[in-house]
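Work through the exercises below with the sequence and the model side by side. Each task is followed by a solution that goes step by step.

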Amino acid sequence: MARLVVLGGGVAGHTTATFAARWLGSEHEVVVVTPNAKWNWIPSNIWVGVGEMKKEEVTFDLAPVYAKAGITYRQAKAVSINPEGGESSDQPFVTIEYTSADKAGQSETIEYDYLVNATGPKLNFGATPGLGEGSQLGEHTVSVCTSDHAVHAFEKLTEAIEKMKAGTRQKILVGTGHGMCTCQGAAFEYIFNIEHELRKAGVRDMADIKWISNESFLGDFGMGGLHLKVGGFVVSSKLFAESLFAERNVEWIIGAHVSKVEEGKVHYELLDGSTGEEEFDFSMLIPPFAGVGLKAYNKAGEDITDTVFAPNGFMKVDANYNAGAYENWKASDWPKTYQNPTYKNMFAAGIAFAPPHIISKPMSSPNGTPINPTPPRTGMPSGIIGKTVAHSVCALIAKGENAHLHEASMAKMGAACVASAGKGVFTGTAAAMTVYPVVPDFEKYPGTGRDTNYTFGEIGLAGHWIKHILHHLFIYKAKLNPGWTLIPE
Amino acid sequence: MVKEIITYPTPLSVKYATDVRVFSDELFALIKDLKDTINENNLDGLAAFQIGSYYNVIVVKDEDGELVEMINPRLIAHSGQLTTKESTAYYPNRTAKITRYENISVIYQDRDAKDCSLKASGSVAIAIQRKIDYTFGATFIHKMSKEVKEAFENRLEYDDEVESADYCPTSFKRDKIVVIMNVIMAFMVLGFIVALFIDDSLLLQNIWKYLLYGSVGVVSLDVVYFFYAQYEGKQQNGCSSCQIGNIIGTALMVLFKLSIVMLLSYFFVY
């Protein structure tokens, strides 16, 4: 009997664990270690953040689902990995620390045959002084990265709306809280959902809404922008985004690294080296992501974290981390199997794998501050990678170490994204986009690096319906309800 | 080398915004071609697309008339707004009133791949914005409102050489006359339907009388519409939807609908 330990129960980890459990059957054991008691459909958090959904609608308890799937569930956070085993045994193991109320703080080791690191990111609020602190739910700004954060964001937004109704003008600032953030899409959705809600509340004219982000142009989204086929014509995502901002009367600051947040004020540095301040009454700024801080030790107990993890804390996989300067970057730099190069029984999936480099053009201010979006690895790519890794682990267990590993390079993978710009059965709007490949391949597709026949988008009410249907569909799938395997990632 | 400037209707390529990654002789030759073409045609600037390259490169004249080479430019800060009448080599002999930022800050790379920034105002800022738009696949048409854009595209389609942006409005006063005629006819239809369920001959005669009054009113308004619409159409130049064909068609359509109502009423009400 082999044991697969999956660290993390988000989109990637949950997908890996549930498919592996199904394919491996009861002959082998799948263990999930996640600090959370609930699964969260993160894309719908923006609707919790504007009060259009309750926290209970975007989360569900993991324990009964894992019990149904025959998965061993540990509500705990992983602390360290010993891929060579310890003093008394060569069997690799992870050390975990329980977060559940009954065992909080207790440590345990779990031996494994295969390990999938799908911890997701650490929300690195500390990178920018004063940025909304996750555990204490907001110092000066709020966040929608978790359902609890989103509930808190809605409370603060409600206060701002009440002030507007009372005749006090409010400044709303939404975007990224650091020069190295990713997930611009979530902030993009949130700002337009706020705008939509303010119109519904009849107080739009009492709000000055502003976007602040580390993108060098609107519509970069951490993917270097994209060219969309819209209504038969190909347009840049820059035009797509600028039109929406102009249409909704939303001002913008781009190429910005938020260096400090004080009460009611952010300080930022721009790509041209200039600095500025922006005042706000309500602000949601996405924090930068980092690895969760897992340590790794060899058999002798020596720290080998640098061998297993990249400096940003994400796990090294089969990527080319020596691609060098921007002009040398290739699609082939991106990982295919997500297998750790040193320890072949370890994989990483979703945000937890270390990308070889960013996707957007690297940029920094004259002061040397890097200001560019980091690569998005959430949503559909996360699910696809999770399932691919599950395939590979099952193949290794069934056929031995020479089994063929499955591949899912982001440079050969398409992705669909539906970005909400307001919720409502008849008044909702969303931008639905597909992009192929996620990472541009300039050798295969000279010019934009993408196949414009498969990279297209539309904005409208139908997009909102799609997003709402997907919300129910993916929660249905994650609960492992009948037919869940038929629903794509 | 002076290159031919791409003009409308050559469609916008799908291969814009390809950031320059390799700073080679190919890039330097492209920049030289851009400069030669600007000087030959006495332009305020060009984007690489305009001479057939899809690299993210623009060359723009600054306040002193010097040509500034910008590779991978990005507009990252702005303030103020300015509406001016713009022309661009892509649409020869056309102008349009476009609103843009008055002051901008742009970052770019020079030919040595060194990061640079530039602040610009007024006409130079406008020229830079227009050229950066090209590198992302846009012309100034994308800065227009939906209505103005449609009107501009109509003018392009009909090859109208009118220089000023004298756009065809999307609604006319004459449309109100059509609305009134339609409302009267809607009441007439209602009267006709009610008449189908009435046996009282006196009441039927009254309904027929009102239908006649209504029809006279509609015909009179239709005549007023016909002449007023022509007068209003003459106030708009280069406006295809103001043409006599549309006016005649609308007037005849009203008469046709009225005839149907009165014909049915004659057989079932009179």
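**Exercise 1.** Find which residue of β17(A) is the bridge partner of A:Tyr268, and then describe the sheet around this pair.

*Solution.* The bridge partner of A:Tyr268 in β17(A) is A:Gly276, where strands are DSSP runs of E with at least two residues, helices are runs of H or I with at least four residues, and both are numbered from the N terminus. The structure is a predicted model, in which local features need pLDDT of at least 70, side-chain atom pairs count only at pLDDT 80 or more, and totals for chains, interfaces and linings use all residues. Residues are numbered from 1 along each chain as its sequence is written, while chains are lettered from A and ligands numbered from 1 in the order in which they are written.

Next, strand β16 (residues 265–270) of chain A is joined to β17(A) by five bridges, and the two run antiparallel; two strands pair if DSSP finds at least two bridges between them. Widening the view, three strands of chain A form an open antiparallel sheet in the order β15-β16-β17. At its edges stand β15 (256–262) and β17 (275–279) of chain A, each with a single partner strand, so one side of each is left without a neighbour in the sheet.

**Exercise 2.** Decide whether A:Val144 is buried or exposed, and list what it touches.

*Solution.* A:Val144 is located in the loop between β9 (122–123) and α5 (147–165) of chain A. Within 10 Å there are 29 other C-beta atoms, so A:Val144 is buried (buried means 20 or more other C-beta atoms within 10 Å of a residue's own, exposed 12 or fewer, and partly exposed in between, with C-beta atoms placed from the backbone). Leaving out residues up to four places away in sequence, its contacts include A:Asn45, A:Ile46, A:His149 and A:Met284, a contact being two C-beta atoms, placed from the backbone, within 7 Å.

**Exercise 3.** Determine how many residues of chain B are in contact with chain A, and which strands supply them.

*Solution.* From chain B, 21 residues are in contact with 22 residues of chain A. On the side of chain B that touches chain A, β3 (67–88), β4 (91–109) and β5 (115–121) of chain B each supply at least two residues, and the largest share, four residues, comes from β3(B). Sorted by class, this side has 10 nonpolar, six polar and five charged residues, with Ala, Val, Leu, Ile, Met, Phe, Trp, Tyr, Cys and Pro counted as nonpolar, Asp, Glu, Lys and Arg as charged, and the others, Gly among them, as polar.
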